[in-house]
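The exercises below concern aromatic ring pairs in a protein chain. Work through each task with the sequence and the structure at hand before reading its solution.

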Amino acid sequence: MRILDILEDTTVDGPGFRTTIYCAGCLHHCPGCHNPQSWDMNGGHEMSVDDLLRIILADPFADVTFSGGDPFYQAEAFTELACAIRSHSQKTIWCYTGFTFEQLLSDEGIRLHALPLLRQLDVLVDGPYIAALRDPDLPFRGSSNQRILDVPRSLQQGKAVEWTSEN
């Protein structure tokens, strides 16, 4: 996996303390992106699923967030990591993507191998960052077009279902 950074005990990428894995590679190139250094598909450094899993499991209290870049450009590797997390813990898994949920279920998503990763996620923050829709008061996202989705419910209902803290 191509990884840019790992932030432990962050509170900005989902509720509670989280370990956030920032991957390399993003072709969305959203103007105003807060992490343009993540665009390089060959950026960062290689890390194994086992090495990442050790870091994630070292903190029994932190849940997990996949961010980037865009994890769906490395969907197979992130699926493997998510499955390993699921088999060793009860941690929730959030994921940020510039794709919409609908795109991930389309032919484009099939090419990206998106569905197996979606099936491992609890929450998806979807959609590109749009600078004109920037809203610093929104929790866990940068622009008002981005949605926080309950992935199991969305997959079950075949449509995007908004996540709430009560879910």
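**Exercise 1.** Identify the residues that make up the aromatic cluster in this predicted model, and state how many aromatic pairs a search of the whole structure finds.

*Solution.* The cluster consists of Trp94, Phe140 and Trp163. The search of the whole structure finds four aromatic pairs.

**Exercise 2.** Classify the pair formed by Tyr73 and Phe99, locate both residues, and decide how accessible each one is.

*Solution.* Begin with the geometry: the ring centres of Tyr73 and Phe99 are 5.4 Å apart and the planes make an angle of 55°, and the pair is tilted. Finally, consider accessibility: Tyr73 counts as partly exposed at 22% relative accessibility, while Phe99, with a relative accessible area of 2%, is buried.

**Exercise 3.** Explain why the pair of Trp94 and Phe140 is edge-to-face, and which parts of the chain this pair ties together.

*Solution.* The ring centres of Trp94 and Phe140 lie 5.4 Å apart with the planes at 75°; because planes over 60 degrees apart count as edge-to-face, the pair receives that label. Trp94 lies in strand E5 and Phe140 in the loop between strand E6 (123-126) and strand E7 (147-150), so the pair ties together parts that are 46 residues apart in sequence. As for accessibility, Trp94 is buried with a relative accessible area of 2%, whereas Phe140, at 21% relative accessibility, counts as partly exposed.

Terms used
Residues numbered from 1 in each chain as written. Predicted model: local features only at pLDDT ≥ 70, side-chain atom pairs only at ≥ 80, totals over all residues. Heavy atoms only, no water. Phe/Tyr/Trp six-rings, centres within 6.5 Å; stacked < 30°, edge-to-face > 60°. Helix = DSSP H or I, 4+ residues; strand = E, 2+ residues; numbered from the N terminus. Buried < 20%, exposed > 50% of the residue type's maximum accessible area, 1.4 Å probe, protein only.
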